[in-house]
Amino acid sequence: MSTSRIKLRGITWNHSRGFLPMAATAQRFGELHPEVEITWDKRSLRAFEDQPVERLATNYDLIVLDHPAVSQGARHGALLPLDENLPAEFLLDQARNSVGASHASYAFDGHHWALAIDAATPVAFWREDLLAANGGRPPQTWEQLLDLARAGRVEVPAAPINCLMNFYSLCLAAGETPFTLADRVASRDVALAAFLRLRELLSHIEPGCWDRNPIASHDRVAGPGNTAIAYCPLAYGYSNYAREGYAAHRLAFGEPPLIDGAPLRTTLGGAGLGVSAKTRHPEAALAYAQFVASASVQRTVYTQNGGQPGHRAAWNDEENNRQTGGYFANTLPVLDRAYLRPHYPGYLKFQDHAGPVLHDALRGVSPVDAALDQIDLLYRHSRAGQAHAA
């Protein structure tokens with residue numbers, strides 16, 4: 001007598017860090033629960049950053065998403081509120097063991113919409129062999145970074161979204177938290193100071209940087225043909241490249257350079273696991289989500305299969321740090337102080353439009369004052385529900 005199986009579909013992003021831990025946890029969950037079969041599809045990193053959750057929820061039971069997407073997903077009724085569907089004790093453990101604001105980043109409008117299974121923020125990485133060949137250690141200050149960049153030894157991913165995330169960080173370094181003013185992203189003096197600091201750095205990076213995302217930058221520095229580029233000060237970290245055998249050269253990771261003597265606050269990324277409100281099998285999907293985010297799975301199966309976990313126990317684990325050259329211990333302070341982007345429903349459309357505007361100005365295609373004016377206009381329109389500013 002045959003018994004029909006519960007079949008769940010999930011969507012994540014197309015990188016070893018995004019796909020392999022989901023496939024591995026699905027396999028293990030299926031072994032423990034033979035009545036459940038879970039398959040995972042992949043989308044590009046770009047789609048992960050801006051693809052609407054409400055569209056994904058019509059085709060998938062499980063969605064790996066970027067935290068600013070929760071407001072849109074909640075507004076459209078696309079996700080199950082996890083605080084109403086998972087044990088309070090479990091969510092309390094998640095909150096107590098969050099890496100930085102990762103857990104809080106999936107809260108919106110009084111509910112919790114995803115589990116922080118992955119944590120990331122821009123950190124520094126470098127090739128120890130190439131730095132040693134020059135008798136140097138990683139730059140400790142912004143001034144030392146610029147000296148190394150002038151020598152042609154620095155990489156920075158400068159695709160539009162990465163420029164925008166670094167712009168936020170440099171606004172913080174200039175003394176102001178973005179989006180605290182009602183009518184602009186930051187006061188003009190702060191925004192201009194952040195822009196000029198970022199433009200100066202990028203002016204010393206070879207032009208291909210304008211198209212590269214963090215994955216491409218990791219690949220470039222860790223690749224077999226690289227004999228010159230030794231250091232990257234700001235890129236969303238991928239612990240995969242700190243593991244032996246993943247790339248031609250193993251990367252080391254740590255703190256970005258200090259600015260005016262202070263540690264830099266970078267812009268929190270990471271990924272959460274949400275459950276579609278349209279799933280036909282909510283109990284199975286919720287059970288799997290809880291399994292993936294649990295301390296024991298995050299610390300073992302998830303991390304061992306290329307994941308970059310969201311549970312603090314995994315970051316403090318001695319074996320995980322041994323296998324990654326201390327990646328987790330060395331970058332945890334950066335994550336703990338990382339800046340949390342806004343969650344209002346129009347934010348993602350603002351981000352999608354503001355990134356290219358900033359990108360053009362940094363490349364000299366448009367004037368800086370006009371670009372900052374347009375970014376502020378986009379912000380005001382996004383708060384008013386008008387995402388497509390002129």
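Me: Where is Pro345 placed in this model?

Reply: In this predicted model, Pro345 sits in the loop between α15 (327-336) and α16 (347-362).

Me: Why is Pro345 called partly exposed?

Reply: Pro345 has a relative accessibility of 28%. Buried means under 20% and exposed means over 50%, with partly exposed in between. The value of 28% falls in between, so Pro345 counts as partly exposed.

Me: Which residues does Pro345 touch, leaving out those up to four places away in sequence?

Reply: Pro345 touches Ser71, Gln72, Arg75 and Phe108. A contact here requires heavy atoms within 4.5 Å.

Me: What separates the C-alpha atoms of Pro345 and Gly237?

Reply: Their C-alpha atoms are separated by 27 Å, and the two residues are 108 residues apart along the chain.

Me: What makes Pro367 exposed?

Reply: Pro367, in the loop between α16 and α17 (368-383), has a relative accessibility of 55%. Exposed means over 50%, so Pro367 counts as exposed.

Me: Why is Asp109 called exposed?

Reply: Asp109 lies in the loop between β4 (107-108) and β5 (111-112). The relative accessibility of Asp109 is 65%, and the cut-off for exposed is over 50%. Asp109 therefore counts as exposed.

Me: How do you know that the length of α8 agrees with its number of residues?

Reply: Helix α8 covers residues 160-173, which is 14 residues.

Me: Why is α8 called largely enclosed?

Reply: Of the 14 residues in α8, 12 are buried, so the helix is largely enclosed by the rest of the structure. Among the buried ones are Ile161, Cys163, Phe167, Tyr168 and Leu172. Just after α8, Gly175 has a positive phi of about 105°.

Me: Which element gives the most to the largest nonpolar core?

Reply: The largest nonpolar core has 75 residues, and Ile63, Phe167, Tyr168, Leu202 and Phe350 have the most contacts inside it. Helix α8 gives the most to this core, with nine residues. Another core, of 54 residues, lies apart from it and includes Ile38, Val123, Cys232 and Ala285.

Me: What does Phe167 touch, beyond residues up to four places away in sequence?

Reply: Phe167 touches Val185, Ala191, Ala194, Phe195, Leu198, Leu358 and Leu372.

Me: What volume does the second largest pocket have, and how is its lining made up by class?

Reply: The second largest pocket has a volume of about 160 Å³. Its lining has seven nonpolar, two polar and two charged residues. Lining residues include Trp126, Gln140, Glu255, Leu258 and Arg337. Glu and Arg count as charged, so Glu255 and Arg337 are the two charged residues of the lining.

Note on methods
Residues numbered from 1 in each chain as written. Predicted model: local features only at pLDDT ≥ 70, side-chain atom pairs only at ≥ 80, totals over all residues. Heavy atoms only, no water. 1 Å grid on protein atoms, 1.4 Å probe; cavity = no way out; pocket = protein on both sides within 12 Å on 5 of 7 lines; lining within 4 Å. Points joined across faces, edges and corners; volume = space filled by probe spheres on them. Helix = DSSP H or I, 4+ residues; strand = E, 2+ residues; numbered from the N terminus. Buried < 20%, exposed > 50% of the residue type's maximum accessible area, 1.4 Å probe, protein only. Expected span 1.5 Å × (residues − 1). Core = buried A, V, L, I, M, F, W, Y, C linked by side-chain atoms within 4.5 Å.
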